[in-house]
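The tour goes from one selection to the next.

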Amino acid sequence: MARVLMFGAMQDVAGWRERTIDAASLDALKALLTAEDADLGERLSGPGVFAVVNQTMVRGQHPLAPDDEVAFVPPVSGG
């Protein structure tokens, strides 16, 4: 099962910081999270939200292995 982490506003919406979830791909993981919580699903698909798998930013159908770490990071700004 992948270790799933939420940061910043994503953690606030999810109501949790860390869980383990069984999913074959990043898209499948997002679908599972959306089925559990529509508000979280909407936030996950929002602009500027990105996923980091094993400390590398990824998108879409990225496959997941059981020992992967997946972090969802909210939009950030800087200057």
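This is a predicted model: local features need pLDDT of at least 70, side-chain atom pairs count only at pLDDT 80 or more; totals for chains, interfaces and linings use all residues.

Arg-19 belongs to strand β2 and Glu-36 to helix α2, so the pair ties together parts of the chain that are 17 residues apart in sequence. If you colour by accessibility, Arg-19 comes out as partly exposed, because its relative accessible area of 26% falls between the limits of 20% and 50%.

Next, select Arg-3 together with Glu-18, a second pair joined by a salt bridge, here with 2.9 Å between the closest N and O atoms. This pair also links distant parts of the chain, with Arg-3 in strand β1 and Glu-18 in strand β2 (residues 18–21), 15 residues apart. Both partners are partly exposed, Arg-3 at a relative accessible area of 34% and Glu-18 at 42%.

With Arg-3, Glu-18 and Glu-69 displayed together, you are looking at one network, joined by salt bridges that share partners. The count of salt bridges in the model comes to 3.

Now turn to the largest nonpolar core, which has 20 residues, and select Met-6, Leu-29, Leu-33, Leu-40, Val-70 and Phe-72, the members that touch the most other members. To see where the core draws its residues from, colour β1 (2–6), α1 (9–14), α2 (26–36), α3 (38–44), β3 (50–53) and β5 (69–73), the elements that each give two or more residues to it.

Finally, centre the view on Leu-40 and display its surroundings. Which residues is Leu-40 in contact with, leaving aside its neighbours within four places in sequence? They are Met-6, Met-10, Val-13, Ala-14, Trp-16 and Leu-33; of these, Met-6 and Leu-33 have already been selected, as they are among the core members that touch the most others.

Technical notes:
Residues are numbered from 1 along each chain as its sequence is written. Side-chain values use heavy atoms; hydrogens and water are left out. A nonpolar core is a set of buried Ala, Val, Leu, Ile, Met, Phe, Trp, Tyr and Cys residues joined through side-chain atoms within 4.5 Å. Buried means under 20% relative accessible area, exposed over 50%, partly exposed in between (1.4 Å probe, protein chains only). Helices (H or I, at least four residues) and strands (E, at least two) are DSSP runs, numbered from the N terminus. Contact means heavy atoms within 4.5 Å. A salt bridge is a side-chain nitrogen of Lys or Arg within 4 Å of a carboxyl oxygen of Asp or Glu.
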